[in-house]
Amino acid sequence: MIWNAITTGNNDIAIVDGDVGCYLPDIAPFAGMRVFNDANLKKLYEFIPVNRSVAISSLNRMDHDENRWKLLQPMDVTQMVYEQSVNTFTTKNSPLIVPLSEGHIPLMMELTALTRPGPFLQQTIRFKNYFGIFIEGRLAAMTGQRMHPLPYMEVSAVCTHPDFRGLGYAKTLMLYVMKIILDNSFTPFLHVLSNNSNAIELYKKIGFRTREQIFVDVIRRL
């Protein structure tokens, strides 16, 4: 997934060296390999600067060479893909949607730091198509797109401020971003922590199905 994204739809914001690569460090922490094996893990170690943290994924649980990597955060993740069409991509909240730009980055960083939907860095907005809903000047919710392994496009940074949960803002923004993805002839997919049952149920109602259980480890290069 990560390798396909950094070598196809996101190759303009990634660095690739042979069989390994990663996103630019201020955009996303993800690093990928053409094939997940010991040889490429060694190449990745040589490629990543000392003390940089990266996130790698695998279909199996990973063991890390403790002389090379420090495990910071292991995550069990559910990968879901959109295949069942919804009746409409608009809700009563749709008129509240506004595009988010670089001027909104401090508010976006604040919201993602509070809600922790996944890594969101200073230039993550370069993935494009981020949208939000503001209530009385406060960023109540946001959603955007991220990894782009053709022909798929990831719906990401789905988050709602605790003060505004239960009002349907996340669903409204997700549907809006999904329509943009579909209108460009791509297939929406997303990732969610496997223990987040409430989010998984919401995504199922929107039309997503579970595609794969994967493992994502955040590791730091020693």
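Phe120 is buried, and so is Tyr130, where buried means under 20% relative accessible area, exposed over 50% and partly exposed in between, with a 1.4 Å probe and protein chains only. The model is predicted, so local features need pLDDT of at least 70 and side-chain atom pairs count only at pLDDT 80 or more, while totals for chains, interfaces and linings use all residues. Residues are numbered from 1 along each chain as its sequence is written, and side-chain values use heavy atoms, with hydrogens and water left out.

The chain has five helices and eleven strands, which are DSSP runs numbered from the N terminus (helices H or I, at least four residues; strands E, at least two). Buried residues make up 49% of its 222 residues, and along the principal axes the C-alpha trace spans about 55 × 35 × 30 Å.

A search of the whole structure finds seven aromatic pairs; rings of Phe, Tyr and Trp (its six-membered ring) pair if their centres lie within 6.5 Å, and planes under 30 degrees apart count as stacked, over 60 as edge-to-face and the rest as tilted. In one of them, the ring centres of Tyr45 and Trp69 are 5.7 Å apart with the planes at 80°, so this pair is edge-to-face. Because Tyr45 belongs to helix H2 (residues 38–47) and Trp69 to strand E5, the pair ties together parts that are 24 residues apart in sequence. Tyr45 counts as buried at 18% relative accessibility, and Trp69 counts as buried at 5%. The rings of Phe120 and Tyr130 also form an edge-to-face pair, since their centres are 5.7 Å apart and their planes stand at 85°. Phe120 and Tyr130 both lie in the loop between helix H3 (105–115) and strand E7 (131–135), so the pair ties together parts that are ten residues apart in sequence.

The charged end of Arg68 sits over its ring, 5.2 Å from the centre, and Arg221 lies over the face of Tyr45 at 3.9 Å from the ring centre; the criterion is NZ of Lys or CZ of Arg within 6 Å of the ring centre and within 35 degrees of the ring normal. Elsewhere, Tyr82, Tyr203 and Phe208 form one aromatic cluster.
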